[in-house]
Amino acid sequence: MSYVIFSDSGSDLSNSRAQELNVKIIPLLYTIKNETYDSITDELMKFTYDSLKQKEKVSTSCANIYTIQNALEEELKKGNDVLYIAFSSGLSATYANGVEACKNLKELYPNRKVFILDSLCASGGLALLLINACLLRDQGKSIDEVVSFVEENKLRLTHLFTVDEMYYLYSGGRITKSTYLIARFAQIKPIMHVTDDGKLTATDKVIGRRKSLNTIISKTVESIENPEEQIIFISHGNCLEDAEYIKRKLLEKITVKDVIIDYIAPVIGVHSGPGTMAVFYFSKHRI
């Protein structure tokens with residue numbers, strides 16, 4: 001029985017990369033200047049970050065039950081089983097809505113396989129999980145084998161983030177005004193990661209942008225497992241030069257299979273802001 005892999009915009013996969021992987025993306029919506037968008041293209045990402053720099057009001061929303069159910073059911077009607085690897089439940093209600101959608105579909109299609117997995121990952125972390133899941137699918141692995149791989153390895157995906165301007169965390173209600181003002185005055189840059197329960201939290205605070213980038217580099221080098229077998233994913237909030245700097249410094253210290261650089265897409269970038277930098281890779285456990 002053939003099967004189709006789904007994910008959502010929380011993976012930060014661009015339209016073109018999703019097509020290359022043959023992954024179906026369920027859109028999480030974002031609204032800029034009262035216009036709502038559901039796709040991820042380079043043009044829209046640049047427009048979003050320009051709008052954020054101008055402090056335009058930008059908002060996001062999760063995928064609802066009906067959107068998810070309709071997308072998955074299209075493939076079930078074609079005779080395919082479905083596997084939906086969802087954006088972390090610790091960061092979005094999309095997974096919870098997906099659970100309800102899949103419950104409905106299992107009742108409608110009792111003889112079919114309908115899986116939804118909480119990736120507990122975000123951005124390039126979820127993208128890396130999908131890349132590996134698709135590789136297994138293309139090697140002929142069954143849907144059950146791919147499910148086992150995801151469940152056994154998702155908590156090995158380390159996510160390291162830093163932001164350039166904490167205003168966007170403040171405007172989204174993730175830090176207090178006093179924390180924002182102190183950080184702005186002192187040029188404090190947080191080092192953040194995604195926890196085992198799929199939530200974003202700060203682990204360190206450093207002074208200055210370059211120090212924050214170098215801290216992410218050193219943490220990656222120290223904790224990456226079998227780097228020569230790995231693809232590293234570097235995501236950026238419209239700051240390609242910093243992404244290239246991180247790539248160059250990492251490759252001076254370790255040998256890897258490949259490095260992918262791409263945007264942090266609007267659904268996450270709205271909350272972290274321009275200048276956000278993130279590195280994703282497999283380690284023994286999340287740090």
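This is a predicted model: local features need pLDDT of at least 70, side-chain atom pairs count only at pLDDT 80 or more; totals for chains, interfaces and linings use all residues.
Residue numbers start at 1 along each chain as its sequence is written. Local features need pLDDT of at least 70 and side-chain atom pairs pLDDT 80 or more, while totals for chains, interfaces and linings use all residues, and side-chain values use heavy atoms, with hydrogens and water left out.

Me: Why is Cys 102 called buried?
Reply: Buried means under 20% relative accessible area, exposed over 50%, and partly exposed in between (1.4 Å probe, protein chains only). Cys 102 comes in at 2%, so it counts as buried.

Me: What makes Cys 62 partly exposed?
Reply: Its relative accessible area is 33%, so Cys 62 gets the in-between label.

Me: What makes a set of residues a nonpolar core, and how many residues has the largest one?
Reply: Take buried Ala, Val, Leu, Ile, Met, Phe, Trp, Tyr and Cys residues, joined through side-chain atoms within 4.5 Å. The largest such core has 71 residues, and Tyr 84 is one of those with the most contacts inside it. Another core, of 20 residues, lies apart from it, with Tyr 245 and Leu 250 among them.

Me: What does Tyr 84 touch?
Reply: Counting heavy atoms within 4.5 Å as contact, and skipping residues up to four places away in sequence, Tyr 84 touches residues including Phe 6, Leu 72 and Phe 115.
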